[in-house]
Amino acid sequence: MTPTLETRLYEAVARVRTHWRGSRLIDGLEPGVDGTRALLDVARIYRANRLEIGRMRPLLGRAVAGLFFDPSLRTHTSMEVATGRCGGHFVYLQGGEATWKMEFDEGVVMNGNTAEHVKEAAPVLSSYADVLAVRAFPRTHNRDETVIRAFSRYAGAPLINLESALAHPCQGLADQLTMADLGGGNSFQGKKICLTWAPHPKPLPQAVPLSVVRAAILGGADLHVAAPVGFDLDAEEMDRVAGFAADTGAKLTLTRNQAEATKGALVVYAKGWAAEDRDAHAALAAEHGNWTVGDEAMRTATAFLHCLPVRRNVIVTDSVLDGPKSRVIPQAANREPVQAAVLLSWLL
Ligand code: CP
């Protein structure tokens with residue numbers, strides 16, 4: 001007898017739980033190799049059956065509080081839709097604007113403009129919501145991950161990082177799902193994936209590029225990371241994720257040559273990030289204007305990806321973004337199923 005959708009969903013969630021018992025998704029490595037594969041299986045079941053799962057209302061009575069210290073189009077919408085479609089309730093909170101301005105440092109005399117400490121805010125929100133989800137990506141390179149680490153320390157509820165200085169784990173999961181789709185099945189094992197730096201006027205955090213690296217290594221890719229001198233990714237984070245390559249068969253090549261990195265790639269993933277010398281970022285980024293991804297870079301590649309929002313004709317040309325190799329819309333659409341998979345795996 002063919003198992004019902006409900007049985008398949010519960011069994012897939014149970015497989016996630018055998019590999020991942022944690023209640024924190026901070027850098028995206030927490031579920032491990034097998035837990036991540038199991039999560040992506042749940043996401044595929046959700047994606048193929050979301051209306052029917054919506055009718056099942058598996059998260060009825062559950063609540064997710066989403067606290068956003070920074071703007072969002074995709075992350076906010078996809079989290080709210082995933083929660084609502086599963087029958088749960090999503091509360092949107094704008095950090096520091098419609099909520100009290102929050103303090104994160106210890107031992108502070110709070111007689112300035114911060115009105116509430118995270119030590120109270122995180123447990124209070126945890127008393128209402130079954131899951132907290134927080135977005136805070138500081139404009140400076142913040143190795144300490146001050147905001148998300150403070151929430152992790154003081155929140156009793158499970159916690160999802162919706163993008164911090166060093167990680168965007170939900171984007172990483174959606175990227176894995178998208179790359180596996182492009183790989184022609186449930187995997188992109190051994191496929192060439194190119195992550196290329198591209199010019200951007202602002203010194204952006206490394207959350208997305210590091211999450212692409214984590215996604216590619218967890219998926220066992222032949223990953224080529226191309227960046228000009230002065231734009232290397234965080235060495236400590238790169239070393240940490242490289243430790244997973246032995247388990248997945250992934251290969252990692254760092255290069256200054258964008259043309260070589262893009263040649264024959266299944267995916268060319270473009271992203272701007274800050275120069276190591278942030279004060280020199282604008283000048284250095286302008287110097288490397290020829291790193292904009294155009295038709296020549298895509299000539300022998302299969303697909304173009306970017307997390308969005310993207311600056312047209314700065315990161316990538318109109319002709320690539322509007323052309324047949326661009327997969328940025330299905331990539332963004334994959335945010336909903338992977339986030340639903342995380343919620344279902346924690347709350348079902
Ligand atoms: N990719 C992404 O996280 O988009 P938003 O910043 O719009 O949420």
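Trainee: What makes a set of residues a nonpolar core, and which residues have the most contacts inside the largest one?

Mentor: The term covers buried Ala, Val, Leu, Ile, Met, Phe, Trp, Tyr and Cys residues joined through side-chain atoms within 4.5 Å. Buried means under 20% relative accessible area, exposed over 50%, and partly exposed in between, with a 1.4 Å probe and protein chains only. The largest such core here has 56 residues, and Leu195, Val213 and Phe304 have the most contacts inside it. Its largest share, eight residues, comes from helix α8 (residues 207-218). Apart from this core lies another, of 39 residues, including Trp20 and Ala340.

Trainee: Where do these values come from?

Mentor: This is a predicted model, in which local features need pLDDT of at least 70 and side-chain atom pairs count only at pLDDT 80 or more, while totals for chains, interfaces and linings use all residues. Residues are numbered from 1 along each chain as its sequence is written, and side-chain values use heavy atoms, with hydrogens and water left out.

Trainee: Which residues does Leu195 touch, not counting those up to four places away in sequence?

Mentor: Contact means heavy atoms within 4.5 Å. With that exclusion, the partners of Leu195 include Val213, Leu223, Tyr269 and Trp273.

Trainee: Why is Val33 called buried?

Mentor: Val33 has 12% relative accessibility, so it counts as buried under the cut-off. Val33 belongs to helix α2 (residues 32-48); helices are DSSP runs of H or I with at least four residues, strands are runs of E with at least two, and both are numbered from the N terminus. Leaving out residues up to four places away in sequence, Val33 touches Leu218, Phe244, Asp247 and Thr248.

Trainee: What makes up the contact of α5 with α6?

Mentor: Val118, Lys119, Ala122 and Pro123 in α5 meet Ala150, Phe151 and Tyr154 in α6. By class there are six nonpolar residues, no polar and one charged. Here Ala, Val, Leu, Ile, Met, Phe, Trp, Tyr, Cys and Pro count as nonpolar, Asp, Glu, Lys and Arg as charged, and the others, Gly among them, as polar.

Trainee: Why are α7 and α8 called oblique?

Mentor: Their axes come within 8 Å and cross at roughly 45°, and α7 and α8 are therefore oblique to each other. The contact joins residues including Pro169 and Met179 of α7 with others including Ser211 and Leu218 of α8. It has six nonpolar, three polar and one charged residues.

Trainee: What makes Leu308 worth a look?

Mentor: Leu308 has a positive phi of about 65° although it is not a glycine. A cis peptide bond joins Leu308 and Pro309, with omega about 5°. Leu308 is found in the loop between β12 and α14. Its relative accessible area is 15%, so Leu308 is buried.

Definitions and conventions. Axes fitted to C-alpha atoms, helices over the stretch in contact; angles between N-to-C directions. Parallel < 35°, antiparallel > 145°, perpendicular 65-115°, else oblique.
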